[in-house]
Amino acid sequence: MAFGVGNTSTLPGNAVNTAPKTWSHNNNGGKVVVLFGGGSSNANERDINTASYNAVSMGTRAAFQDDGGWSSAAIFALDTATSGANTVSVNNAENQWNQNGGCALSIVDGASGFVNGGNATGNTANPSTSATGIQSGDIVCAILSSDAQAGNTEPSTSGAVEIQDEEDISSDLDINAFYAVATGTSMTVSWTSSGSGSNWSI
């Protein structure tokens, strides 16, 4: 297969207090990336600090982001991952969960290594940040966790391919994840959301 994104999988948005959070991902590429979001007033529950695939620990590829009030987001990756259907596992510092959800994707025939492109927190409408240190043709993965409750949250980055869209988990948290192919050495990852004043993490 040519370089690109292979299979994807999701853990649907939920407010079930079980830990760790697990789901099955059928890896058909050499690498696996996990994107995960959470919502809680408990700082330890927002601290998404570990992930594994097939019981192999995954490295943190985007610095964990916590808006300090409710939402948090993290990206993990494994450079050499076992093929086939295996378990994704994600946990936090509290070992229990409030609102959460996540997804995984396989990267097919990618070069070795990942780039931590960028992250941000804020409370404005239409959240965004810049992914830097990339090259044209790179696959850029992004996740937004937001407590916006007004309207839908959707990607606005050109060429975005949505992986997961969770609206108002327990009438509250939005999680949206996508990937896009870079056309230069930087790109803006962004979402359309009318939730001005709502905290978010990317």
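**Notebook: strands and cores**

I began with Ser128 and found that its bridge partner in strand E16 is Ser190. This is a predicted model, in which local features need pLDDT of at least 70, side-chain atom pairs count only at pLDDT 80 or more, and totals for chains, interfaces and linings use all residues. Residues are numbered from 1 along each chain as its sequence is written, and side-chain values use heavy atoms, without hydrogens and water.

Next I looked at the pairing: E11 and E16 (residues 186-192) run antiparallel over five bridges. For pairing, DSSP must find at least two bridges between two strands. On E11 (residues 128-132), I noted Thr129 and Ala131 on the covered face, with Ser128, Ser130 and Thr132 on the uncovered one.

Which residues touch the most other members of the largest nonpolar core? I found Val33, Leu35, Ile75, Leu105 and Ile143, out of 18 residues. Such a core is a set of buried Ala, Val, Leu, Ile, Met, Phe, Trp, Tyr and Cys residues joined through side-chain atoms within 4.5 Å; buried is under 20% relative accessible area (1.4 Å probe, protein chains only).

I also checked Ile75: beyond its neighbours within four places in sequence, its contacts (heavy atoms within 4.5 Å) include Val33, Leu35, Cys141 and Ile143. A separate core has 17 residues, among them Ala74 and Phe76.

Last, I noted that buried residues make up 49% of the 202 in the protein chain.

Technical notes
Buried means under 20% relative accessible area, exposed over 50%, partly exposed in between (1.4 Å probe, protein chains only). Helices (H or I, at least four residues) and strands (E, at least two) are DSSP runs, numbered from the N terminus.
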